[in-house]
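Reader: I have a structure open and want to learn how to read it. Could you walk me through it?

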Amino acid sequence: MELSAAYRFCPRCGRPRQPNAVDRPFRCQACHYTSFFGPVTAVGAVITNEKGQVLLIERARDPGKGLLGMPGGFIDQNETAEFAVRREILEEVGISVGDLSYLMTAPNRYVYQGIVNPVIDIFFYSKVASGQAIQAESSEVSAWIWTDLSTVILDRIAFRSNRLALEKFMQLS
Ligand SMILES: [Zn+2]
């Protein structure tokens with residue numbers, strides 16, 4: 001179900017939504033509360049080692065459980081994208097990275113509890129500081145690999161936005 005369709009009541013005053021309302025944004029007829037259903041912002045990182053291999057993680061939970069992705073996650077309130085991506089990398093794989101370079105953005109659709117949440121993913125690329133061992137956070141990461149990118153690998157990527165970012169990165173290098 002689309003997020004906008006899940007708004008059956010106004011979250012401020014509780015008035016039921018008009019039947020068949022397709023307002024985007026949602027506008028409450030009673031209190032005029034408005035929700036824009038804007039995308040939430042997430043970050044992802046293409047991290048390379050000294051051999052030029054890319055760090056990919058196997059997702060420990062849905063969406064995309066068992067498929068591959070790159071370290072990343074949602075930006076918290078009052079965080080910059082740069083801070084958030086470093087935090088997520090540290091939380092998920094226990095490493096710090098060098099300078100961040102901007103790669104691209106891509107829209108994503110994150111299905112959680114049956115609701116499709118619109119997301120905008122911001123991708124960076126960076127190099128791992130040498131001599132650091134990966135320490136995966138097992139609730140989010142079931143395995144990890146340093147790998148050369150290939151079609152076989154890209155076919156195992158969970159999200160289209162992540163795949164697009166890896167394809168863009170391959171064009172750079
Ligand atoms: Zn209302």
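Author: Let's start at the metal. The zinc ion is coordinated at 2.3 Å by the SG atoms of C10, C13, C28 and C31. Donors here are N, O and S atoms within 2.8 Å of the metal (3.2 Å for Na, K and Ca), and water is not among the atoms, so sites may look incomplete. Bear in mind that this is a predicted model, where local features need pLDDT of at least 70, side-chain atom pairs count only at pLDDT 80 or more, and totals for chains, interfaces and linings use all residues. Residues are numbered from 1 along each chain as its sequence is written, and side-chain values use heavy atoms, with hydrogens and water left out.

Reader: What is the geometry of the zinc ion's site?

Author: Ideal angles for four tetrahedral donors are 109.5 degrees. Here the four donor atoms make angles of 103 to 117 degrees, and the site is tetrahedral (for four donors, all angles between 85 and 135 degrees). Along the sequence, the donor residues follow C-x2-C-x14-C-x2-C.

Reader: Is C10 buried or exposed?

Author: C10 counts as buried because its relative accessibility is 3%; buried means under 20%, exposed over 50%, partly exposed in between, using a 1.4 Å probe and protein chains only. C13, at 40%, is partly exposed.

Reader: Which domains is the protein divided into?

Author: Domain 1 covers 1-38 and domain 2 covers 40-172, with bounds from an automatic or database domain assignment. Their centres, taken over C-alpha atoms, are 33 Å apart.

Reader: How many salt bridges are counted between domain 1 and domain 2?

Author: One. A salt bridge needs a side-chain nitrogen of Lys or Arg within 4 Å of a carboxyl oxygen of Asp or Glu. The side chains of E2 and R109 meet in a salt bridge, at 2.9 Å from N to O.

Notes. Tetrahedral: all angles 85-135°; square planar, octahedral: opposite > 155°, others 65-115°.
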